[in-house]
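Dear colleague,

My notes on what was found in it follow directly after.

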Amino acid sequence: MKTKLLITFIAISEIANAQGSWTQKANFGGTGRAGAVAFSIGTKGYIGTGTEGGGSSGPNKIDFWEWDQLTDTWTQRANFAGTARSYAVGFSIGTKGYIGTGYDGTDKKNDFWEWNQSNNTWIQKASFGGTARYCAVGFSINTKGYIGTGYDDNNGSTKKDFWEWDQASDTWTQKANLGGSVRGEAIGFSIGSKGYIGTGNDSSSLLKKDFWEWDQTTDVWTPKADFGGTARRNALGFSIGTKGYIGTGTDGNNDKDFWEWDQSNNTWSQKTNFGGTSRSQSIGFSIGAKGYIGTGGNATKDFWEFDPTVTGINEVNLDNLISVYPNPASDFATISIDNVNNVNTTLNIYSIKGELIRTETLQPNQKQINVKDLSTGIYTIEIKSKEGSKKQKLVIQR
């Protein structure tokens, strides 16, 4: 009876603490890629450019695709008019989409292009006001577009400058530098008249988890609560209403955790893990009350929809890859892993409150762990490898 009661408690706890539901949609219409750009206009989402090889191995892409939320279908649109590239920025203003900066395999870029949804044509606009760069962030607020941070063309230095583009005048104006340190591979999004930049990689290759708010009215940056997950780079971010979302990326291992920030009370809460495999260099955008993540990793092309209003269980279907026995355990527990590459595989043990208690490196195939030091209660075991992250509950009972 004790075991049955414990299992029931675990299920209730999981449901109470995890929110949001992921649904896989039609795969991206082009080839798999990482480092692409994306934005939305109305009920349509757009993905283009990127690198087919993942990382910086290329080849870089120039194709541009439209996804229809109503029909779940992809349609290829006019190729991006600049050179093929990866790690550019993209955003939309009204019925126009914009792509600029990036890396074409030879040079860092500062050109900036507008796509017209009504006639499917590209025209070049005034070049970005800062130095040529890649791995910057971009977003829009009303009729203004913004690009900042990234790695620039001056010996690959890391930046914190921030620039505003006026759609009406086609001019760039430098605004106040990001309040935090220099960085590339960060995330950015907007909520109302505020812009947000967080996470990333600084000039010393130190991963970041700070999170900053920019006020369009005052041109002032204000530090907000640090991102709720681990420090990371190459994550993705978007907003839905008054909530911001950050997920995936790499903190040394690829991640699939997904977090919500509430603008009203400046707090982070963990949501249901991303439905696909752990990855970085993906794209993200929102349409109405739904969020979307796709591509990334080792040039994947899957595409997923997030509904924040649905309650789900924050637990991966293990498909018999991991077994823990005995469970409940008293002094020792054995972790058995099948069909997972154990190279650089780690074991993390978390308390019921989500606090990291222990980290170990796993040996191939099987690992016996001493749990005598753990108090009676419920814990989460996390297995992290290049295949992704898997979780299993462990009960200590004496």
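Rings of Phe, Tyr and Trp, with Trp represented by its six-membered ring, are taken as a pair if their centres lie within 6.5 Å. In this predicted model, ring pairs link Trp22, Phe238, Tyr245, Phe258, Phe274, Trp304 and Phe306 into a cluster.

The structure holds 55 aromatic pairs. One of them joins Phe39 and Phe64 in a tilted arrangement, 6.0 Å centre to centre with 40° between the planes. This pair links distant parts of the chain, as Phe39 belongs to strand β2 (residues 37–41) and Phe64 to strand β4 (residues 64–68), 25 residues apart. Phe39 is buried at 4% relative accessibility, and Phe64 is buried at 1%.

A further pair, Phe162 and Trp221, is edge-to-face, with 5.1 Å centre to centre and 75° between the planes. Here too distant parts of the chain are linked: Phe162 is in strand β13 (residues 158–166) and Trp221 in strand β18 (residues 220–224), 59 residues apart. The relative accessibility of Phe162 is 1%, so this residue counts as buried; Trp221, at 10%, counts as buried as well.

Turning to the nonpolar cores, the largest has 15 residues, of which Leu347, Ile369, Val371, Ile381, Leu394 and Ile396 touch the most other members. Strands β27 (332–337), β28 (346–350), β31 and β32 (388–396) each supply at least two residues of this core, and β31 gives the most, with three residues. Apart from this core lies another, of 12 residues, among them Phe28, Ile47, Trp67 and Phe285.

Leaving aside residues up to four places away in sequence, its contacts include Val324, Ile335, Leu347 and Leu394. Lys391 is also in contact with Ile381; the C-alpha atoms of these two residues, 10 residues apart along the chain, are separated by 5.6 Å.

Finally, four strands form an open sheet in the order β1-β25-β24-β23, with antiparallel pairing. β1 (21–25) and β23 (283–287) stand at the edges with a single partner strand each, so one side of each has no neighbour in the sheet. From one strand to the next, the twist averages 25°. Five bridges join β23 to the antiparallel strand β24 (residues 290–294), and Ile287 has Lys290 of β24 as its bridge partner.

With kind regards

Key: Residues numbered from 1 in each chain as written. Predicted model: local features only at pLDDT ≥ 70, side-chain atom pairs only at ≥ 80, totals over all residues. Heavy atoms only, no water. Pairing = 2+ DSSP bridges. Axes fitted to C-alpha atoms, helices over the stretch in contact; angles between N-to-C directions. Contact = heavy atoms within 4.5 Å. Core = buried A, V, L, I, M, F, W, Y, C linked by side-chain atoms within 4.5 Å. Buried < 20%, exposed > 50% of the residue type's maximum accessible area, 1.4 Å probe, protein only. Phe/Tyr/Trp six-rings, centres within 6.5 Å; stacked < 30°, edge-to-face > 60°.
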